[in-house]
Amino acid sequence: MALIPVKLAKQEYNVLVGHNLLENIRDHAARFLNKKSAYVVADENARSHHGESLEIGMAKAGVEINWFEVAAGESSKSWETLQKLTEWMLHEGVERGDYVFALGGGVIGDLTGFACAILKRGCHFIQLPTTLLAQVDSSVGGKTAINTAAGKNLIGAFHQPSFVLADLNTLYTLPDREMRSGYAEVIKYGLLGDESFFNWLNNNVGHITSLDHKLLEQAIATSVRTKARIVSEDEYELTGRRALLNLGHTFGHALEAETGFSQTLLHGEAVALGMVLAARYSERLGLIDKGHSEKVTMVIDKFGLPSAISSIGLSCGGEKLVEHMLHDKKMKEGNLPFILLNKIGEAKVIHDVDLSDVTKFLNGELSS
(Lines give C-alpha, C1' and ligand atoms only; values in the text may rest on other atoms or scores of the structure.)
Protein backbone atom coordinates (compact mmCIF):
# COMPACT_ATOMS: atom_id res chain seq x y z
CA MET A 1 0.00 0.00 0.00
CA ALA A 2 1.24 3.50 -0.86
CA LEU A 3 0.11 6.85 0.54
CA ILE A 4 1.01 9.76 -1.72
CA PRO A 5 0.45 13.39 -0.67
CA VAL A 6 -0.64 16.05 -3.16
CA LYS A 7 0.63 19.31 -1.68
CA LEU A 8 -0.97 22.48 -3.05
CA ALA A 9 -0.73 26.11 -2.01
CA LYS A 10 -4.10 26.15 -0.23
CA GLN A 11 -4.86 22.47 0.22
CA GLU A 12 -3.27 19.08 0.72
CA TYR A 13 -4.86 15.70 0.19
CA ASN A 14 -3.71 12.11 -0.06
CA VAL A 15 -3.91 9.40 -2.70
CA LEU A 16 -4.06 5.90 -1.26
CA VAL A 17 -3.06 3.06 -3.60
CA GLY A 18 -3.54 -0.55 -2.54
CA HIS A 19 -5.70 -3.65 -2.50
CA ASN A 20 -9.04 -4.32 -0.72
CA LEU A 21 -9.58 -0.64 0.03
CA LEU A 22 -13.30 -0.33 -0.76
CA GLU A 23 -14.36 -3.06 1.68
CA ASN A 24 -12.20 -1.40 4.32
CA ILE A 25 -13.04 2.22 3.52
CA ARG A 26 -13.87 2.87 7.17
CA ASP A 27 -10.23 2.22 8.08
CA HIS A 28 -8.90 4.65 5.49
CA ALA A 29 -11.52 7.37 5.14
CA ALA A 30 -13.45 7.46 8.42
CA ARG A 31 -13.32 11.24 8.73
CA PHE A 32 -15.16 11.62 5.42
CA LEU A 33 -18.02 9.37 6.56
CA ASN A 34 -19.57 12.08 8.68
CA LYS A 35 -23.24 11.26 8.19
CA LYS A 36 -25.47 8.18 8.39
CA SER A 37 -25.82 8.22 4.62
CA ALA A 38 -23.29 8.73 1.85
CA TYR A 39 -23.89 10.21 -1.59
CA VAL A 40 -22.30 8.03 -4.26
CA VAL A 41 -22.28 8.73 -8.00
CA ALA A 42 -21.42 5.69 -10.11
CA ASP A 43 -21.78 4.44 -13.64
CA GLU A 44 -23.76 1.27 -14.13
CA ASN A 45 -20.68 -0.90 -14.66
CA ALA A 46 -18.82 0.36 -11.60
CA ARG A 47 -21.84 -0.11 -9.38
CA SER A 48 -22.46 -3.60 -10.75
CA HIS A 49 -18.87 -4.71 -10.16
CA HIS A 50 -17.90 -2.77 -7.04
CA GLY A 51 -21.07 -1.43 -5.45
CA GLU A 52 -21.39 -4.37 -3.06
CA SER A 53 -17.80 -3.99 -1.83
CA LEU A 54 -18.38 -0.31 -1.16
CA GLU A 55 -21.68 -1.01 0.59
CA ILE A 56 -19.91 -3.55 2.83
CA GLY A 57 -17.21 -1.02 3.65
CA MET A 58 -19.69 1.76 4.34
CA ALA A 59 -21.84 -0.54 6.50
CA LYS A 60 -18.85 -1.16 8.76
CA ALA A 61 -18.98 2.56 9.51
CA GLY A 62 -22.75 2.52 9.99
CA VAL A 63 -23.34 4.34 6.71
CA GLU A 64 -25.92 3.60 4.03
CA ILE A 65 -25.46 4.66 0.41
CA ASN A 66 -27.71 6.94 -1.61
CA TRP A 67 -26.87 6.03 -5.20
CA PHE A 68 -26.99 8.18 -8.32
CA GLU A 69 -26.35 5.92 -11.30
CA VAL A 70 -25.49 7.07 -14.82
CA ALA A 71 -24.86 5.28 -18.09
CA ALA A 72 -21.32 4.13 -18.71
CA GLY A 73 -19.31 6.01 -21.33
CA GLU A 74 -18.41 9.51 -22.51
CA SER A 75 -22.03 10.35 -23.30
CA SER A 76 -22.63 10.90 -19.58
CA LYS A 77 -20.24 13.86 -19.52
CA SER A 78 -23.03 16.08 -20.81
CA TRP A 79 -25.11 19.11 -19.85
CA GLU A 80 -28.15 16.84 -19.49
CA THR A 81 -26.50 14.46 -17.03
CA LEU A 82 -24.90 17.33 -15.14
CA GLN A 83 -28.30 18.93 -14.67
CA LYS A 84 -29.85 15.70 -13.44
CA LEU A 85 -26.97 15.12 -11.03
CA THR A 86 -26.99 18.60 -9.52
CA GLU A 87 -30.77 18.51 -9.13
CA TRP A 88 -30.46 15.14 -7.38
CA MET A 89 -27.79 16.54 -5.06
CA LEU A 90 -30.03 19.48 -4.18
CA HIS A 91 -33.01 17.18 -3.61
CA GLU A 92 -30.90 14.99 -1.33
CA GLY A 93 -29.88 18.06 0.66
CA VAL A 94 -26.14 17.93 -0.05
CA GLU A 95 -24.45 20.69 1.96
CA ARG A 96 -21.15 22.46 1.36
CA GLY A 97 -19.52 20.50 4.16
CA ASP A 98 -20.65 17.11 2.82
CA TYR A 99 -18.61 14.66 0.75
CA VAL A 100 -19.87 13.19 -2.52
CA PHE A 101 -18.15 9.97 -3.64
CA ALA A 102 -17.33 9.29 -7.30
CA LEU A 103 -17.13 5.55 -8.02
CA GLY A 104 -16.01 4.79 -11.56
CA GLY A 105 -13.61 5.85 -14.26
CA GLY A 106 -12.59 9.26 -15.51
CA VAL A 107 -16.08 10.10 -16.79
CA ILE A 108 -17.58 9.75 -13.31
CA GLY A 109 -14.74 11.60 -11.64
CA ASP A 110 -14.95 14.49 -14.12
CA LEU A 111 -18.74 14.70 -13.95
CA THR A 112 -19.00 14.43 -10.16
CA GLY A 113 -16.11 16.80 -9.57
CA PHE A 114 -17.62 19.45 -11.81
CA ALA A 115 -21.04 19.08 -10.18
CA CYS A 116 -19.41 19.52 -6.77
CA ALA A 117 -17.45 22.54 -8.02
CA ILE A 118 -20.61 24.41 -8.96
CA LEU A 119 -23.13 23.15 -6.38
CA LYS A 120 -23.63 25.90 -3.79
CA ARG A 121 -20.35 27.39 -5.09
CA GLY A 122 -18.42 24.32 -4.07
CA CYS A 123 -18.75 21.18 -1.98
CA HIS A 124 -16.36 18.32 -1.28
CA PHE A 125 -15.87 15.11 -3.23
CA ILE A 126 -13.91 11.88 -2.89
CA GLN A 127 -12.46 10.02 -5.86
CA LEU A 128 -12.90 6.22 -5.91
CA PRO A 129 -11.37 5.48 -9.34
CA THR A 130 -12.06 2.02 -10.72
CA THR A 131 -10.07 2.12 -13.98
CA LEU A 132 -6.33 2.21 -14.46
CA LEU A 133 -6.54 5.40 -16.49
CA ALA A 134 -8.49 7.15 -13.74
CA GLN A 135 -6.24 5.87 -10.97
CA VAL A 136 -3.02 7.16 -12.53
CA ASP A 137 -4.33 10.31 -14.17
CA SER A 138 -7.79 11.86 -14.04
CA SER A 139 -8.53 11.25 -10.34
CA VAL A 140 -5.50 13.32 -9.30
CA GLY A 141 -5.08 17.01 -9.95
CA GLY A 142 -8.55 18.53 -9.81
CA LYS A 143 -9.41 18.92 -13.48
CA THR A 144 -13.17 18.41 -13.84
CA ALA A 145 -15.31 18.94 -16.94
CA ILE A 146 -18.04 17.88 -19.30
CA ASN A 147 -17.98 17.58 -23.09
CA THR A 148 -19.86 19.70 -25.62
CA ALA A 149 -20.46 19.58 -29.35
CA ALA A 150 -17.46 21.89 -29.75
CA GLY A 151 -15.06 19.46 -28.11
CA LYS A 152 -13.98 17.47 -25.10
CA ASN A 153 -13.62 18.95 -21.60
CA LEU A 154 -14.28 22.50 -22.76
CA ILE A 155 -16.70 23.29 -19.91
CA GLY A 156 -15.21 22.66 -16.50
CA ALA A 157 -13.38 23.86 -13.42
CA PHE A 158 -10.36 23.15 -11.27
CA HIS A 159 -11.79 21.48 -8.17
CA GLN A 160 -9.52 19.25 -6.11
CA PRO A 161 -10.84 16.12 -4.40
CA SER A 162 -10.50 15.79 -0.63
CA PHE A 163 -9.13 12.25 -0.93
CA VAL A 164 -8.41 9.64 -3.60
CA LEU A 165 -8.76 5.96 -2.78
CA ALA A 166 -7.46 3.76 -5.60
CA ASP A 167 -8.41 0.15 -4.90
CA LEU A 168 -6.39 -2.06 -7.23
CA ASN A 169 -8.91 -4.88 -6.84
CA THR A 170 -11.22 -2.92 -9.13
CA LEU A 171 -8.79 -3.37 -12.00
CA TYR A 172 -9.27 -7.13 -12.14
CA THR A 173 -12.79 -6.74 -13.54
CA LEU A 174 -11.75 -4.38 -16.35
CA PRO A 175 -11.98 -5.57 -19.94
CA ASP A 176 -8.53 -6.10 -21.41
CA ARG A 177 -8.93 -3.19 -23.81
CA GLU A 178 -9.79 -0.78 -20.98
CA MET A 179 -6.77 -1.96 -19.02
CA ARG A 180 -4.45 -1.47 -21.98
CA SER A 181 -5.91 1.98 -22.47
CA GLY A 182 -4.81 2.92 -18.96
CA TYR A 183 -1.24 1.79 -19.59
CA ALA A 184 -0.89 4.69 -22.03
CA GLU A 185 -1.00 7.19 -19.17
CA VAL A 186 1.52 5.11 -17.19
CA ILE A 187 3.93 5.13 -20.13
CA LYS A 188 3.40 8.89 -20.44
CA TYR A 189 4.96 9.55 -17.03
CA GLY A 190 8.14 7.78 -18.07
CA LEU A 191 8.30 9.57 -21.40
CA LEU A 192 7.78 13.08 -20.08
CA GLY A 193 10.14 13.03 -17.12
CA ASP A 194 11.59 9.70 -15.96
CA GLU A 195 13.67 7.68 -18.40
CA SER A 196 14.50 5.06 -15.76
CA PHE A 197 10.79 4.45 -15.19
CA PHE A 198 10.22 4.22 -18.95
CA ASN A 199 12.99 1.60 -19.18
CA TRP A 200 11.59 -0.24 -16.14
CA LEU A 201 8.21 -0.43 -17.86
CA ASN A 202 9.85 -1.72 -21.03
CA ASN A 203 11.63 -4.44 -19.06
CA ASN A 204 8.57 -5.48 -17.05
CA VAL A 205 5.72 -5.31 -19.56
CA GLY A 206 4.86 -9.00 -19.21
CA HIS A 207 4.67 -8.95 -15.41
CA ILE A 208 2.68 -5.70 -15.31
CA THR A 209 0.16 -6.75 -17.95
CA SER A 210 -0.32 -10.12 -16.22
CA LEU A 211 -1.39 -8.07 -13.17
CA ASP A 212 1.47 -8.99 -10.86
CA HIS A 213 0.26 -7.38 -7.61
CA LYS A 214 3.58 -5.90 -6.53
CA LEU A 215 4.69 -4.53 -9.91
CA LEU A 216 1.24 -3.19 -10.79
CA GLU A 217 1.11 -1.28 -7.51
CA GLN A 218 4.62 0.02 -8.12
CA ALA A 219 3.73 1.23 -11.62
CA ILE A 220 0.58 2.99 -10.39
CA ALA A 221 2.18 4.53 -7.31
CA THR A 222 5.13 5.82 -9.36
CA SER A 223 2.75 7.37 -11.87
CA VAL A 224 0.70 9.06 -9.15
CA ARG A 225 3.83 10.42 -7.45
CA THR A 226 4.94 11.98 -10.72
CA LYS A 227 1.58 13.58 -11.35
CA ALA A 228 1.29 14.78 -7.76
CA ARG A 229 4.68 16.46 -7.99
CA ILE A 230 3.84 18.23 -11.26
CA VAL A 231 0.39 19.32 -10.06
CA SER A 232 1.95 20.69 -6.86
CA GLU A 233 4.31 22.82 -8.94
CA ASP A 234 1.63 24.17 -11.30
CA GLU A 235 -1.89 23.54 -9.99
CA TYR A 236 -3.72 25.74 -12.51
CA GLU A 237 -1.45 25.10 -15.52
CA LEU A 238 -0.05 28.64 -15.48
CA THR A 239 3.73 28.13 -15.61
CA GLY A 240 3.84 25.45 -18.30
CA ARG A 241 5.05 22.69 -16.00
CA ARG A 242 1.64 21.01 -15.76
CA ALA A 243 1.21 21.32 -19.52
CA LEU A 244 3.76 18.51 -19.85
CA LEU A 245 1.02 16.14 -18.68
CA ASN A 246 -0.64 16.77 -22.05
CA LEU A 247 2.04 14.79 -23.87
CA GLY A 248 0.22 12.86 -26.59
CA HIS A 249 -3.05 14.67 -25.96
CA THR A 250 -2.96 17.35 -28.69
CA PHE A 251 -2.65 14.72 -31.40
CA GLY A 252 -4.79 12.30 -29.39
CA HIS A 253 -7.73 14.62 -28.85
CA ALA A 254 -7.83 15.39 -32.57
CA LEU A 255 -8.02 11.67 -33.29
CA GLU A 256 -10.75 11.23 -30.68
CA ALA A 257 -12.74 14.10 -32.18
CA GLU A 258 -12.48 12.63 -35.69
CA THR A 259 -13.73 9.27 -34.39
CA GLY A 260 -16.60 10.95 -32.53
CA PHE A 261 -15.30 10.32 -28.99
CA SER A 262 -16.58 6.78 -29.42
CA GLN A 263 -15.56 3.20 -28.76
CA THR A 264 -13.71 3.32 -32.07
CA LEU A 265 -10.81 4.90 -30.20
CA LEU A 266 -10.63 4.94 -26.41
CA HIS A 267 -8.97 7.91 -24.71
CA GLY A 268 -5.90 5.94 -23.65
CA GLU A 269 -5.53 4.49 -27.14
CA ALA A 270 -5.67 8.02 -28.55
CA VAL A 271 -3.01 9.19 -26.07
CA ALA A 272 -0.78 6.24 -26.95
CA LEU A 273 -1.02 7.00 -30.66
CA GLY A 274 -0.61 10.70 -29.86
CA MET A 275 2.65 10.00 -28.02
CA VAL A 276 3.99 8.08 -31.00
CA LEU A 277 3.08 11.00 -33.27
CA ALA A 278 4.64 13.47 -30.82
CA ALA A 279 7.85 11.44 -30.79
CA ARG A 280 7.92 11.18 -34.59
CA TYR A 281 7.22 14.88 -34.97
CA SER A 282 9.95 15.68 -32.42
CA GLU A 283 12.29 13.63 -34.59
CA ARG A 284 11.09 15.48 -37.70
CA LEU A 285 12.02 18.80 -36.03
CA GLY A 286 15.40 17.47 -34.94
CA LEU A 287 14.60 17.69 -31.23
CA ILE A 288 15.41 14.04 -30.57
CA ASP A 289 17.90 11.70 -32.19
CA LYS A 290 16.90 9.38 -34.98
CA GLY A 291 15.62 6.09 -33.69
CA HIS A 292 14.16 7.37 -30.41
CA SER A 293 10.66 7.47 -31.85
CA GLU A 294 11.02 3.81 -32.80
CA LYS A 295 11.79 2.96 -29.16
CA VAL A 296 8.63 4.79 -28.12
CA THR A 297 6.69 2.90 -30.78
CA MET A 298 8.14 -0.40 -29.59
CA VAL A 299 7.01 0.11 -25.98
CA ILE A 300 3.54 1.25 -27.08
CA ASP A 301 3.31 -1.91 -29.20
CA LYS A 302 4.44 -4.11 -26.30
CA PHE A 303 1.54 -2.87 -24.20
CA GLY A 304 -0.88 -3.71 -27.02
CA LEU A 305 -1.73 -0.11 -27.87
CA PRO A 306 -2.14 1.44 -31.35
CA SER A 307 1.02 2.99 -32.79
CA ALA A 308 -0.06 3.83 -36.36
CA ILE A 309 -2.95 5.93 -37.65
CA SER A 310 -3.63 3.29 -40.27
CA SER A 311 -4.66 0.90 -37.48
CA ILE A 312 -7.78 2.94 -36.67
CA GLY A 313 -9.03 3.32 -40.24
CA LEU A 314 -9.36 7.10 -40.59
CA SER A 315 -10.45 8.44 -43.97
CA CYS A 316 -9.71 12.12 -43.34
CA GLY A 317 -6.67 14.21 -44.22
CA GLY A 318 -4.21 16.01 -41.99
CA GLU A 319 -6.12 19.24 -42.56
CA LYS A 320 -9.16 17.86 -40.74
CA LEU A 321 -7.10 16.71 -37.76
CA VAL A 322 -5.43 20.12 -37.48
CA GLU A 323 -8.88 21.71 -37.66
CA HIS A 324 -9.86 19.68 -34.60
CA MET A 325 -6.70 20.89 -32.84
CA LEU A 326 -7.81 24.49 -33.29
CA HIS A 327 -10.64 23.81 -30.82
CA ASP A 328 -8.15 22.75 -28.17
CA LYS A 329 -8.75 24.58 -24.88
CA LYS A 330 -5.00 25.28 -24.64
CA MET A 331 -5.17 27.65 -27.62
CA LYS A 332 -3.95 31.13 -26.63
CA GLU A 333 -3.90 34.15 -28.94
CA GLY A 334 -4.23 31.83 -31.91
CA ASN A 335 -1.24 29.77 -30.81
CA LEU A 336 -1.40 26.07 -29.99
CA PRO A 337 1.34 24.71 -27.72
CA PHE A 338 2.68 21.24 -28.51
CA ILE A 339 4.29 18.92 -25.98
CA LEU A 340 7.30 17.38 -27.70
CA LEU A 341 10.39 15.45 -26.62
CA ASN A 342 14.00 16.50 -26.12
CA LYS A 343 14.71 12.86 -25.35
CA ILE A 344 12.99 9.91 -23.76
CA GLY A 345 12.36 11.12 -20.21
CA GLU A 346 12.37 14.83 -21.03
CA ALA A 347 9.42 16.68 -22.56
CA LYS A 348 9.09 20.36 -23.39
CA VAL A 349 6.41 22.83 -24.46
CA ILE A 350 6.83 24.28 -27.97
CA HIS A 351 4.76 27.39 -28.73
CA ASP A 352 5.75 28.22 -32.30
CA VAL A 353 4.89 25.04 -34.19
CA ASP A 354 3.97 25.63 -37.82
CA LEU A 355 0.52 24.06 -38.23
CA SER A 356 0.95 23.82 -41.99
CA ASP A 357 3.97 21.61 -41.31
CA VAL A 358 1.92 19.56 -38.83
CA THR A 359 -0.64 19.08 -41.61
CA LYS A 360 2.07 17.79 -43.98
CA PHE A 361 3.40 15.49 -41.27
CA LEU A 362 -0.05 14.06 -40.56
CA ASN A 363 -0.78 13.57 -44.24
CA GLY A 364 2.40 11.52 -44.42
CA GLU A 365 1.35 9.44 -41.40
CA LEU A 366 -2.13 8.91 -42.82
CA SER A 367 -0.76 7.64 -46.12
CA SER A 368 1.86 5.32 -44.64
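**Close-up views of a predicted model**

**View 1. Lys214 sits in helix H9.** Lys214 is found in helix H9, residues 213–233. Helices (H or I, at least four residues) and strands (E, at least two) are DSSP runs, numbered from the N terminus. This is a predicted model: local features need pLDDT of at least 70, side-chain atom pairs count only at pLDDT 80 or more, and totals for chains, interfaces and linings use all residues. Residues are numbered from 1 along each chain as its sequence is written, and side-chain values use heavy atoms, leaving out hydrogens and water. Lys214 is exposed, at 66% relative accessibility (exposed is over 50% relative accessible area, buried under 20%, partly exposed in between; 1.4 Å probe, protein chains only).

**View 2. Phe68 and Trp88 form a tilted pair.** The structure holds ten aromatic pairs. Rings of Phe, Tyr and Trp (its six-membered ring) pair if their centres lie within 6.5 Å; planes under 30 degrees apart count as stacked, over 60 as edge-to-face and the rest as tilted. Here the centres are 5.2 Å apart and the planes at 45 degrees, so the pair is tilted. Phe68 lies in strand E4 (residues 64–70) and Trp88 in helix H3 (residues 79–92), so the pair ties together parts 20 residues apart in sequence. Both Phe68 and Trp88 are buried.

View 3. Phe158 is in strand E8 (residues 151–158); Tyr236 is in the loop between H9 and helix H10 (249–258), 78 residues apart. Phe158 is partly exposed at 36% relative accessible area. Tyr236 is partly exposed at 43%.
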